Amino acid sequence: MSKRTRNRQLAKQHARRQAERQQHDRKRQRIGVIVAVLIIAAAGIGAAYFAFAGGEEPAPQATGPTRTEETGPTGATGQTTTVQPEPGPAEVACGGEQPRGALRPKPQFTAPEQVLEDGVTYTATLQTSCGDIVIELLAEDAPETVNSFVFLAQQGFFDGQRFHRLDTSIDVIQGGDPTGTGTGGPGYSIPDELTGDESYAPGVFAMANAGPDTGGSQFFIVTGPQAQALDDQAAWTIFGEIVEGQDVAETIQDLPIQDPSAGLQGQQPAQSVYIEKVTIDESR
């Protein structure tokens, strides 16, 4: 065999081995891709399972303006985490529009900062989808509750929230929940400030709760005389009075709810009613 023929045979063998090696490498790559896809798919199935299996039903609520009690973080004042608002109905009441930050995550805090000053009168204006509600805050009667509300308002906590409950059986509209579900709060609780002689007359601005000393950010506005059925319990801190916009609160109260047959869980408005912004005015 000539040297030239031998070289040709060696070249063919080399080319064949190289082709076999490349084919083997491509096969390994395909197997690797398949394994990766299977891993990703398994992870997706697991994530979906936890997403749907990890929900929590709102706790049953007693008669009256209530919120689900939360165990928030304790310690020094400061922001800890956030909660995600639930989307409301697409249609907005009174011809309004969804505020830009309505679905933006809301902060949670460990405690409110001390923001009230002696000798200052505080007034809150709730700019809602249906008009403005102006409330004189009763800092002398409920200093801790007013301080918490003013602190949260100054943080923009209420901006973009929705009224989540319209209860005609006791003539109240309820808001202040960052999630819009009736189960949210600011991340902390505040003590009740009660005298035992509370009267829930039209125009009253009071703190919702889930029992003694569990107030947070959820509040209610009394729109009519039915709320005076709550007087015997006197369980909700009154910390403000409407001075302008009672007609706006009554307009919101008269809006349809999602499911009148579903009790408390059906009292969400059928149209979104937003608190577009809460501003605090101070006068000395």
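**Aromatic pairs**

I pair two rings of Phe, Tyr or Trp if their centres lie within 6.5 Å, taking the six-membered ring for Trp. Planes under 30 degrees apart I call stacked, over 60 edge-to-face, and the rest tilted. By this rule I get 12 aromatic pairs. The model I am reading is a predicted one.

The ring centres are 4.6 Å apart and the planes stand at 45 degrees, so I log the pair of Phe205 and Phe239 as tilted. I then checked where the two residues sit. Phe205 belongs to strand E8, residues 204-207, and Phe239 to strand E10, residues 238-244. The pair therefore ties together parts that are 34 residues apart in sequence. Are Phe205 and Phe239 buried or exposed? I find both Phe205 and Phe239 buried.

Next I asked which cluster takes in this pair. Phe205 and Phe239 belong to one aromatic cluster together with Phe149, Phe157, Phe158, Phe163 and Phe219.

**The chain as a whole**

I stepped back to the fold. I note 3 helices and 11 strands in the chain. Along the sequence, the pattern reads α-β-β-β-β-α-β-β-β-β-β-β-α-β. The chain has 284 residues, and 43% of them are buried.

How much of the contact set joins residues 24 or more positions apart? Among contacts with a separation of 6 or more, I get 76% from such residues. The accessible surface of the chain comes to about 15300 Å². Carbon and sulfur atoms hold 50% of that surface.

**The disulfide**

I find 1 disulfide in the structure. Cys94 and Cys130 form this disulfide, with 1.9 Å between their sulfur atoms. I read 85 degrees about the S-S bond, and the link of Cys94 and Cys130 is right-handed.

Which parts does the pair tie together? Cys94 lies in the loop between strand E1 (79-83) and strand E2 (106-109). Cys130 lies in the loop between strand E3 (121-128) and strand E4 (131-137). The pair of Cys94 and Cys130 therefore ties together parts that are 36 residues apart in sequence.

I checked the exposure of each cysteine. Cys130 has 17% relative accessibility; the cut-off for buried is under 20%, so Cys130 counts as buried.

I moved on to His164. I place His164 in the loop between strand E5 (161-162) and strand E6 (165-167). His164 has a relative accessible area of 5%, so I log His164 as buried.

What does His164 contact, leaving aside its neighbours within four places in sequence? My list is Gln174, Gly175, Asp177, Gly180, Gly182, Gln218, Gln267, Gln268 and Pro269.

I followed Gln268 from that list. Gln268 sits in the loop between helix H3 (246-253) and strand E11 (274-283). The relative accessible area of Gln268 is 13%, so Gln268 is buried. From Gln268 to His164 I count 104 residues in sequence, yet their C-alpha atoms are 5.1 Å apart in space.

Not counting residues up to four places away in sequence, Gln268 touches Arg162, His164, Gly180, Thr181, Ile257 and Gln258. I looked further at Gly180. A polar atom of the Gln268 side chain lies 2.7 Å from the backbone oxygen of Gly180. Gly180 is also among the residues in contact with His164.

Notes: Residues are numbered from 1 along each chain as its sequence is written. This is a predicted model: local features need pLDDT of at least 70, side-chain atom pairs count only at pLDDT 80 or more; totals for chains, interfaces and linings use all residues. Side-chain values use heavy atoms; hydrogens and water are left out. Helices (H or I, at least four residues) and strands (E, at least two) are DSSP runs, numbered from the N terminus. Buried means under 20% relative accessible area, exposed over 50%, partly exposed in between (1.4 Å probe, protein chains only). Contact means heavy atoms within 4.5 Å. Accessible areas come from the Shrake-Rupley method with a 1.4 Å probe; for residues, only the protein chains shown count as cover. A disulfide is a pair of cysteine sulfur atoms within 2.5 Å. A polar contact is a pair of N or O atoms within 3.5 Å; within protein, one must be able to donate a hydrogen and the other to accept it, and residues adjacent in sequence count only if both atoms are side-chain atoms.
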